Structure formats: structure tokens, C-alpha cells
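Welcome, and please open the structure in your viewer. We will go from stop to stop, selecting one thing at a time.

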Amino acid sequence: MLRTIGTMNQIPSLIGPQIDRMLMSSVFAKRWPHSSAVTWQSTAAAQKTDVTLPQLPVPPLQSTLQKLIKTAKPHLSASELCDTIKIVEEFGKTGGIGEKLQAKLEKRAQTKHNWLEDWWLAYSYLGFRSPVVVHSSPGLVFPLQDFKDVNERLVYAARTIVGALNYKLLIDSGRVPQDKQGNNPLDMVQYSRIFGVNRAPHIPLDKLTFADPKCPPKHIVVVHNNHFFKVPVINERGLPLDEKEILFMLKYVIDNSKVAAPPVGILSSAHRDEWSKAYKELSCVNNGVNKRSIEEIESALFVLALDQKNPEMPKIMNRRTVAALQMLHGLGSFSNSGNRWFDKTIQFIIGTHGEVGLCYEHSPAEGQPVAVMMDFILKHIASCKNEFVKEVTCPRPEPLPFVLNNALQCHIEDASREIDSLVANVDMNAHSFKGYGKDFPKQNKMSPDSYIQMAMQLAFFRLHGLPAATYETASTRMFLGGRTETIRSCSEESTHFCKTMLDSCASLDDKFKSLKTAVNAHRSYTMEASKGQGVDRHLLGLKLIAQEDGVETPALYSDPGVTRSARMRISSSQVAASVEAVMCYGPLVPDGYACCYNPLPQQIMFAICTMNECPETSAQAYVDALEASLFDMQKVVSSCSSVQSKL
């Protein structure tokens with residue numbers, strides 16, 4: 001059984017960070033609907049914090065407007081900056097439209113435990129109409145393996161399943177260690193939104209479904225060669241089956257799916273409106289057989305995809321990059337993109353030669369809870385001992401068939417063309433920078449995250465000669481129902497740093513001081529954003545309040561200072577893990593870069609993504625510029641730190 005959330009009249013086609021960029025459009029503003037609240041339903045044994053968390057604050061209006069001017073400054077000429085200051089002052093004047101909207105937003109905050117949560121879910125995710133593949137759903141590459149045969153591969157898959165099930169038991173019993181930011185406890189509810197969750201396509205707003213806690217699912221779905229199988233994994237006592245039982249069921253799946261089935265799963269990679277039409281058709285065909293298969297997939301704890309061998313890739317593409325593409329989109333209709341159900345929150349992927357990881361649908365949770373789950377699973381796998389396995393008695397996986405008509409065949413052909421076009425457009429480079437890791441900036445009393453962000457700014461400036469408006473994810477989980485705020489990594493200080501670093505006449509001391517100043521400015525904004533005091537969510541809230549009240553969108557939102565500072569040429573996120581793993585996703589704009597990174601003590605894992613349609617951007621060129629920037633920064637810091645230590 002499933003519980004469903006999400007009903008609305010009309011929703012724009014934007015993911016979270018894209019809202020920050022596109023909320024500035026006056027044309028776009030007219031599309032926001034007047035809406036009732038969309039709220040999360042309770043999930044099975046939801047992880048709870050032991051303390052009462054504060055509510056997400058509404059920032060002071062003048063504070064946000066001053067931050068807006070400061071973060072817009074790097075993207076404006078002197079005359080444009082004067083115009084932006086005037087329009088910001090007009091918006092924020094006493095008794096003006098800004099104050100009126102602020103009062104209404106504060107009133108909304110008094111009636112909700114989180115004034116942003118239902119808006120964010122609806123407008124950032126469930127209303128997103130482009131394919132979730134690449135644009136919204138990230139891939140996560142686990143440490144690469146070296147499977148010598150099919151049995152080794154299936155053993156790894158079985159251990160992944162058992163590890164995930166054991167982790168779910170921790171979540172259900174409330175035994176996941178409390179996350180903290182400093183001394184502040186964080187909202188843990190996202191952990192309970194990982195298993196048994198599915199996003200289903202509907203027009204105009206998708207629906208998110210959770211397992212009924214009164215009747216929790218006891219199965220997963222395994223897909224191989226485009227065949228779907230219901231695989232029971234929980235026994236009558238509510239405990240996971242053991243590795244040997246699951247291993248034999250996986251072998252059954254392989255043995256009974258040797259001939260490829262039609263790639264029904266590829267439909268879930270399509271534009272959400274097209275997938276919704278196909279979904280309705282698929283549900284109606286063949287007296288409920290298809291509908292039942294869909295229900296079993298959607299109610300499963302998670303999906304595990306056993307992929308076919310990847311096609312030959314260019315020799316210049318390293319193995320981790322190929323794995324990143326496999327996790328992100330499946331490499332196309334002639335490879336593994338049909339061996340998926342992209343609407344499942346968690347979809348583990350096991351390649352033939354050791355490409356392992358997952359793809360996750362982003363709407364229920366952020367990346368960090370997923371990365372924590374990965375760490376747990378990998379520790380479980382590492383603790384397993386190889387034993388001789390005799391024949392065991394176990395349940396038999398149940399095939400989940402689909403019957404297709406001509407209309408569905410056409411939908412599959414359309415979805416195949418669409419995913420192949422998207423695959424051809426994605427330029428990926430999963431790269432490990434081995435010059436040094438997070439220990440180096442820490443030893444020199446700099447925030448590793450802020451340090452890496454400055455390297456990213458410098459890399460962009462090297463390539464394009466101008467600053468890049470940058471989206472970095474800040475967690476707001478210190479508040480009840482908190483998700484994210486935008487860290488605007490591009491600043492006056494970062495721009496000065498880039499110019500100084502590239503100035504051949506600047507001294508090492510000047511470069512070092514500019515780096516320290518930029519790092520400290522970024523760190524300061526990060527702390528503000530994590531406290532709910534950023535620019536972007538507040539501006540979004542004010543705009544949505546105006547639209548719900550039928551107020552014309554203020555002129556502020558079409559000002560160049562606002563639109564340029566919110567057109568994120570770099571979309572970035574730190575997703576930390578204890579192993580050589582990296583998350584990947586697509587850029588927010590066609591001429592942009594996506595950069596996710598995992599700072600390890602002695603290396604930094606990066607996944608850089610650009611779009612081939614833009615001749616001005618290249619993942620490899622950005623990687624090269626990033627390496628050069630990191631080495632240049634190391635030289636500056638080492639030289640100046642050595643001098644300072646002698647003083």
C-alpha cells in the first residue's frame with residue numbers, strides 16, 4: 001500500500017537551483033499557481049531527533065537586500081550597479097512592496113513548521129517537467145571493483161542488498177547516529193525517505209509515494225536485461241534474508257532473463273509530461289497485469305539493476321568517468337538506459353566489470369544521507385567473509401511482466417531517441433586530484449570546502465576571463481524540515497582573488513592575502529546560509545507570496561543584478577564520503593559546469609559535467625584548469641605559510 005502526496009493546478013518546469021535562477025523572470029512569474037499546502041506524509045518508523053528543532057526563520061528584509069547587492073556586484077558594470085542599488089532600495093523602502101510581502105511571509109511562517117518545505121517540494125521537484133535523468137537525479141559512483149566472473153558480481157550485489165537492508169533496520173529503530181553541525185543537532189527525517197519511496201509521473205505535478213507503515217514492503221525489484229523481478233528480502237519476523245538466499249535468487253533472475261525484454265524502463269527517462277501519458281497507457285493495458293507490475297516496482301524498498309556490458313568508450317575516458325555516466329543515465333538505449341526505473345528514490349547499479357554505484361531520485365532527500373548509507377553498505381561488504389555456498393531453500397523471484405501495444409511501442413521509441421540525444425550531449429570527467437587533499441588547507445587553517453570553492457572560481461576565471469555565478473548547496477537541516485539554501489560562492493572577494501592570482505605582477509604575499517580573504521568570506525556566507533540567512537530562498541518566498549496573493553511580480557526580479565547573480569554557471573556540492581566515491585549530475589545552464597566533489601585527506605574526488613552543445617565549455621578543460629589552480633594555490637600557501645612560521 002502507498003501513501004501519496006502532491007496535488008496542484010499548474011507547476012513550472014524547474015528543479016531547485018533553477019528556481020533560484022528563473023524566479024527572476026516576469027514572464028515565468030505568471031505561471032506560479034495559487035496553491036494549497038503540500039506536506040510530507042509520515043513514513044514507516046521515521047527517524048526522529050531527540051530534541052525540538054527550531055523553525056526555519058524568515059530573514060530580515062534589509063539583510064537579504066544588502067547581501068543581494070553585494071553578491072550581484074561582480075556581475076555588473078558601475079552604472080548597472082547603481083541601477084540595481086536604486087531598484088533594491090525602491091523594493092525595500094518603508095511601506096513599500098517588499099515590506100508588505102515580508103509581513104505576509106512572516107505570517108505564513110507562523111502557521112507552518114517550515115514556511116518553505118511544501119513550496120520547495122512542489123516547485124523544485126514534483127513540478128519539474130524535464131527528464132529527471134541528468135537534470136535532476138544524481139549518480140553516485142562507489143569505489144570501482146574488479147569482478148573476475150559472474151559469481152563475484154552477484155556476491156557483491158547480494159552483499160549490497162543485505163547492507164542496505166541492515167541500514168534500513170537502523171533507520172526504522174531510530175539507531176542512526178544523530179547528525180550534528182557543530183553542537184547543533186540536524187533534522188534526521190530525510191533518512192526515513194530513502195527506502196520504499198517512489199515518484200510517479202502526473203500532469204502537472206508528479207506524486208511522491210511512501211510505503212504504508214502499517215503494511216511495510218518486504219521486497220525489492222531486480223532488473224536485468226530489461227526484465228523486472230519482485231524479489232522478497234524480508235522474512236516473516238521482519239528480518240533480512242541472508243546473503244546466501246539472496247545470492248541464489250539473483251542467480252535465478254540471471255538465468256531467467258537471458259533474452260532482452262523491451263526496454264519499458266526507458267519510459268521513466270522521458271520528459272515528465274510524455275512519461276505521464278505513457279504511464280497512463282501502460283497502467284491500462286492487459287487487464288491489470290501492467291498495473292500490478294508498476295505497483296510492485298513503486299512499492300519496493302529499492303531497485304537493483306544488474307547491467308549488461310557497457311559499449312566501447314573512447315580510450316581517453318577513464319574507467320571512473322565511464323562508471324559515472326553509467327550511474328547517471330545508463331549510456332543510452334543501446335546500453336543500459338532501459339535497465340532502469342528512474343523514478344525510484346534508490347536504484348543500485350551493478351556493472352559487469354566492477355562499475356558499481358547508484359542513481360537516486362532527488363525529491364525526497366539530499367545527497368548526504370545517501371552518501372552515509374553508501375559508507376555503511378561498503379563497511380558491511382568489507383566485513384563479509386567468502387564462504388563455500390551450498391544449495392539453499394529460498395523464495396523464487398516473481399517476474400513482473402509488461403504487455404505493450406502500438407502506442408506504448410511508439411512511446412518507447414520516442415523515449416529512446418530522447419535519452420540517446422541527452423547521452424550524446426553529456427560531457428563528463430570523473431577525476432581524482434592526487435596532489436593533496438583536505439588535510440592541506442586544514443593544516444593551514446582554512447576551510448577545505450571554501451578553499452576548494454576558490455579553486456573552482458579560479459579555474460573558471462582562467463578559462464573564461466570573468467567571474468562565475470555559483471550555486472553551492474548549504475544544508476539547513478538544523479531547522480525542522482530543512483533542506484537547502486544557496487551559498488553564493490562568487491563574491492567580490494573571490495573575484496579579487498582570481499584577478500590577483502592571474503596577475504603576473506602580484507606578489508606571493510598579495511596572492512596569499514587575497515586567498516585568505518576570499519576563503520574567509522565564503523566561510524562566512526556558508527555559515528549564514530546554513531542558518532537560513534541566504535538570499536535565494538528568501539527571494540523565492542517573497543515572490544511566491546506575491547503570486548499567491550495575485551500581486552504583480554515586483555520589478556526587482558527582472559533587474560540584471562538579480563538575474564545575472566542567479567544564473568548559475570557553476571552548480572556545485574560537496575558530498576563527503578570516507579571512500580573513493582563521487583556524486584555526479586548535470587549543469588544548470590547549457591553553458592555551465594556541474595562540479596560535485598568529495599574531499600579526502602590526501603586527494604579530492606571531482607565529477608565535472610558540461611554539455612557538448614556549448615562549444616565554450618569542456619569538462620576536460622575545466623579539470624585541467626582546476627588542477628592548475630589547486631597547484632598554484634598550494635605553491636602560494638606553502639611559500640607564505642613557511643615565511644610566516646619563521647616570523
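Contact, a word used throughout this tour, means heavy atoms within 4.5 Å. Helices (H or I, at least four residues) and strands (E, at least two) are DSSP runs, numbered from the N terminus. Axes are lines fitted to C-alpha atoms, for helices over the stretch in contact, and angles run from 0 to 180 degrees between N-to-C directions.

What you see is a predicted model, in which local features need pLDDT of at least 70 and side-chain atom pairs count only at pLDDT 80 or more, while totals for chains, interfaces and linings use all residues. Residues are numbered from 1 along each chain as its sequence is written, and side-chain values use heavy atoms, with hydrogens and water left out.

**Stop 1: the domains**

Colour residues 88-115 together with 434-645 as domain 1, and 126-424 as domain 2. These bounds come from an automatic or database domain assignment. The centres of domain 1 and domain 2, taken over C-alpha atoms, are 31 Å apart. Where they meet, 26 residues of domain 1 are in contact with 33 residues of domain 2.

**Stop 2: the eight-stranded sheet**

Next, pick out an open sheet of eight strands, ordered S12-S8-S7-S9-S10-S11-S2-S17 with mixed pairing. Two strands pair if DSSP finds at least two bridges between them. Strand S12 (398-399) and strand S17 (582-584) each have a single partner strand, so one side of each is left without a neighbour in the sheet.

Zoom in on strand S9 (residues 303-306) and strand S10 (residues 346-350), which run parallel and are joined by four bridges. Here Leu306 stands opposite Ile350 in S10. Helix H8 (residues 243-255) packs on the sheet, where it touches S7, S8 and S9, and its direction makes about 160 degrees with that of S8. Now select helix H11 (residues 319-329): this helix lies across S2, S10, S11 and S17, running at about 145 degrees to S2.

**Stop 3: the nonpolar cores**

Which residues have the most contacts inside the largest nonpolar core? Select Ile246, Phe302, Phe348 and Met373 to see them; the core has 109 residues. A nonpolar core is a set of buried Ala, Val, Leu, Ile, Met, Phe, Trp, Tyr and Cys residues joined through side-chain atoms within 4.5 Å. Buried means under 20% relative accessible area, exposed over 50%, and partly exposed in between (1.4 Å probe, protein chains only).

Helix H7 (residues 150-172) gives the largest share of this core, twelve residues. Domain 1 and domain 2 both contribute residues, so the core lies between them. A second, separate core of 44 residues includes Leu65, Leu76, Phe91 and Ala109.

**Stop 4: two contrasting loops**

Move to His362, in the loop between strand S11 (356-360) and helix H12 (367-383). Is His362 buried or exposed? With a relative accessible area of 13%, His362 is buried. A polar atom of its side chain lies 3.1 Å from the backbone oxygen of Ala365. Not counting residues up to four places away in sequence, His362 touches Tyr125, Ser136, Ser137, Pro138 and Arg483.

For the contrast, select Lys148, in the loop between strand S2 (139-141) and H7. Lys148 counts as exposed, at 66% relative accessibility.

**Stop 5: the six-stranded sheet**

Another open sheet has six strands in the order S13-S19-S18-S16-S14-S15, with mixed pairing. Strand S13 (426-433) and strand S15 (484-488) stand at its edges. From one strand to the next, the twist averages 20 degrees. Strand S16 (residues 570-574) and strand S18 (residues 593-599) run parallel, joined by five bridges. Ser572 has Cys595 in S18 as its bridge partner.

**Stop 6: backbone details**

Find Pro204, in the loop between strand S5 (197-200) and strand S6 (207-211). The peptide bond from Ile203 to Pro204 is cis, with omega near 5 degrees.

Then visit Asn225, which has a positive phi of about 55 degrees although it is not a glycine. Asn225 is buried, with a relative accessible area of 8%. End at Lys445, whose phi is positive, at about 60 degrees, although Lys445 is not a glycine. Lys445 is exposed, with a relative accessible area of 73%.

Definitions and conventions. Polar contact = N/O pair within 3.5 Å; in protein donor to acceptor, adjacent residues only side chain to side chain.
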